[in-house]
Amino acid sequence: MAKPIKNVEKLNSMQNKTQSEQSEPNHDSASSSSSVPSNLENEDDNLEQNVVTLSDYRKQRDIIGPIDLRESDEQFPELPNINHHTVASRQSWNFWFWKATDPPKSTLEPENLSDDHSNFSIGSQTDSSHSAQAESTLVAAEPASAGPKGRGWQFWKWGNELSNLSKRNGLLDSEINHSFSSLYSTSSKAKLADDAKRAIKRNTVTSHWAYFKSSEHAEYAELAVVGTSSASNPVKVEVNLAATPLELEESMLLLDTLAKKEADIGSSSNSTDKTRLSSESFGILAPTIECNYRVITSTTRARLNLQRISTLKILSRKIIKEENHLYIKENNLDSNSIFKAVVIGVHGFLPIRMVRTLVGQPTGTASTFAAHATEALRSWGRAHHLNMKIDVVALEGEGKILERVGSLLSLLENWLDVIRDCDFLYFASHSQGVPVAIHIAAQLFKQNVLNPNQKVALLNMAGICLGPFPELDAKLAIKAYSRLENEIMMELFDFQDPDTLQSRKLIESLEILVSHDTKLTFVGSLDDQLVPLFSSTCFHVSHPNIFRSIHVDKTSEHAPFLTNLMKSCMMVRNLGRDDHNLNYEISRYLIGSVGVGGHCKIFKDLNVYTLGIENALQTTSLTNPKPMAYQEINSKTIINNPYHLPWSFRGFIQQLLELKHINSIKLVQEIVESYIDWNPSTKNLRDLSRCIDILETVDIDELIESVMTS
């Protein structure tokens with residue numbers, strides 16, 4: 001069970017004090033619940049002379065008090081029962097988030113909500129909303145204004161943004177204008193579809209939309225966009241929508257990166273680099289289910305079943321080892337039945353200037369994740385001779401995490417009947433979309449949308465579970481961003497602190513998921529430029545339903561030593577053992593370069609999606625459910641000590657050699673031998689090599705014998 005959150009009362013009092021001391025109300029829809037220090041708000045300051053970084057801003061904010069900390073569930077307004085499609089008024093972005101166990105003591109004001117959304121309401125739903133709604137008469141709230149005449153706080157920016165983007169992608173309006181076709185029975189329905197597509201073309205910072213593709217209707221898809229009539233009554237659209245401005249902006253980063261690489265290659269005589277650049281083959285994914293788990297035997301099954309008998313529980317706990325990991329189960333799927341699956345892709349656009357500064361690559365789209373996951377699931381189904389029916393939902397947008405969860409849940413309500421009827425629900429998410437997907441899945445359980453017979457799994461790629469690399473916030477100058485963009489970025493770094501709202505809610509949602517036998521697969525990139533490996537693999541939580549793996553892109557220059565070491569580290573954690581913080585100690589040395597790191601390469605590998613499917617459908621469930629363990633880590637304040645690494649390494653080797661069924665002696669030999677051949681090329685990696693240079697002179701047999709006899 002997770003540790004109780006500390007200092008809740010203290011944080012509550014600090015927030016209340018902060019709110020009472022605010023002398024002037026905040027009318028900016030993008031502002032946080034705490035005011036920005038006045039010395040940081042002066043737009044007349046010379047940026048060249050007084051650069052304020054995000055790190056400085058966070059320190060100032062922490063002195064005043066934590067932002068956005070709504071400490072308990074009872075502070076959230078009551079959730080409508082989405083299981084029965086009730087009509088509800090949307091009082092705030094968080095209206096749909098976390099049903100209170102007791103009646104709320106106070107009503108939250110929509111502090112960060114623009115007028116466009118404060119009066120938004122969700123229309124009533126029917127049982128067959130996923131296909132029949134588009135043809136039925138649309139009855140919904142008046143569409144919110146979607147142009148410069150709207151009352152939103154960004155109306156003054158839209159003209160310039162659309163103008164600039166039109167120059168970049170050419171005929172924006174011609175892409176939006178939809179000629180009357182057989183998709184629509186009336187011209188009014190065609191206009192509603194155009195309005196929805198026009199809404200997602202506007203580059204607003206709080207836009208959210210959902211795209212649904214039914215397996216029964218290959219000729220069209222459905223689109224629902226927050227702020228339009230389609231939010232509660234999806235409209236029919238063509239299957240392949242044009243790229244949004246957010247996608248086009250990020251695609252320019254790829255062109256810049258390719259141009260730099262071509263310039264570097266042109267000035268270099270190394271031909272192997274050219275081969276590496278043009279390679280499109282899959283990277284390394286390790287460990288896999290087959291090399292980490294063993295097939296469950298009848299003896300093992302009988303041993304575990306003993307613990308189910310109440311009279312033998314006490315005795316069995318003394319003589320039988322605890323169930324620390326899962327097993328590969330025998331194939332018992334009925335190939336004659338129709339296997340219904342729903343794939344949900346979740347993606348979130350980050351501020352483009354942050355992406356340009358810290359990532360340097362396009363971050364993908366929800367449709368991309370969903371399409372890859374669908375392709376992997378179809379391939380897996382063919383291999384197991386299954387007749388599969390797959391529906392696809394892509395949840396897209398930009399904004400703060402909890403606000404995104406509320407908006408996307410309201411859009412997902414349009415297809416709840418499809419979700420209820422499926423056999424397998426598979427989420428595929430990346431980066432900031434990982435906590436969003438975790439919260440959405442937890443709410444579907446909490447609101448009784450899902451039943452115990454359904455298989456639910458989440459694939460979390462390069463997820464920001466413990467924040468980005470701690471030092472990166474010092475690279476971001478807040479004056480280059482709007483206030484809302486600053487809040488979006490600060491949220492990511494708030495995951496570094498276990499006492500923030502983001503960290504506590506993530507733990508809460510993870511506990512809900514594992515308690516409902518949800519399988520979670522965390523895959524991190526070995527050379528991620530934004531998220532350290534301990535963050536992307538959710539280092540601070542432990543449960544048998546959590547599987548971890550690393551991805552090494554084919555273009556990566558990391559040596560086999562690092563791959564072998566971190567693969568073994570993940571195997572130890574997957575088997576329920578302690579890695580002696582080796583993941584955390586090693587991760588800080590593995591930061592990738594902007595534009596060429598692995599943060600946005602991981603979601604291009606189909607094997608990653610297949611791993612999540614195998615973990616969900618080919619592994620056993622716990623015979624005796626157990627709570628999730630939680631280690632409280634504050635990566636923002638921990639001082640890295642290189643002297644910790646040798647001790648962590650020694651403890652890890654000992655733990656590895658104690659494990660059976662994974663050929664641990666061979667794994668240790670591979671680690672030592674690949675270290676001897678390792679020639680690190682960067683300062684970080686040379687520092688890492690010096691910390692464990694004892695491996696150069698160690699005798700493998702002596703090492704194994706000393707560890708085994710200690």
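Select Arg-690 and Asp-687. Both sit in helix α26 (residues 683-691), three residues apart, which is about one turn of the helix. Helices (H or I, at least four residues) and strands (E, at least two) are DSSP runs, numbered from the N terminus. An α-helix has 3.6 residues a turn, so residues three or four places apart point the same way. Arg-690 and Asp-687 form a salt bridge, with their closest N and O atoms 2.2 Å apart. A salt bridge here is a side-chain nitrogen of Lys or Arg within 4 Å of a carboxyl oxygen of Asp or Glu. Arg-690 is exposed, at 52% relative accessible area. The cut-offs are: buried under 20% relative accessible area, exposed over 50%, partly exposed in between (1.4 Å probe, protein chains only).

A note on what you are viewing: this is a predicted model, where local features need pLDDT of at least 70, side-chain atom pairs count only at pLDDT 80 or more, and totals for chains, interfaces and linings use all residues. Residues are numbered from 1 along each chain as its sequence is written, and side-chain values use heavy atoms, leaving out hydrogens and water.

How many salt bridges does the rule give? The count comes to 12.

Next, select Asp-421 and Lys-340. Their salt bridge has its closest N and O atoms 3.0 Å apart. Asp-421 lies in the loop between α16 (416-420) and β9 (424-430), and Lys-340 in strand β7 (residues 338-346), so the pair ties together parts 81 residues apart in sequence. Asp-421 is partly exposed at 44%. Lys-340 is partly exposed too, at 27%.

Now pick Lys-446 and Glu-508. Their side chains meet in a salt bridge of 3.7 Å, N to O. Lys-446 is in helix α17 (residues 433-446) and Glu-508 in helix α19 (residues 501-515), so this pair links distant parts of the chain, 62 residues apart. Lys-446 is partly exposed, at 28%.

Then select three residues together: Asp-194, Lys-197 and Glu-238. A network of salt bridges links them.

Last stop: helix α23, residues 606-617. Is it mostly covered or mostly open? Mostly covered: 10 of its 12 residues are buried. Among them are Leu-606, Tyr-609 and Glu-614. Select Asp-605 at the start of α23: one of its side-chain oxygens reaches to within 3.0 Å of the backbone nitrogen of Asn-607. Finally, check the length. At 1.5 Å times one less than its number of residues, α23 should span 16 Å, and its end C-alpha atoms are 17 Å apart, which agrees.

Key:
Polar contact = N/O pair within 3.5 Å; in protein donor to acceptor, adjacent residues only side chain to side chain.
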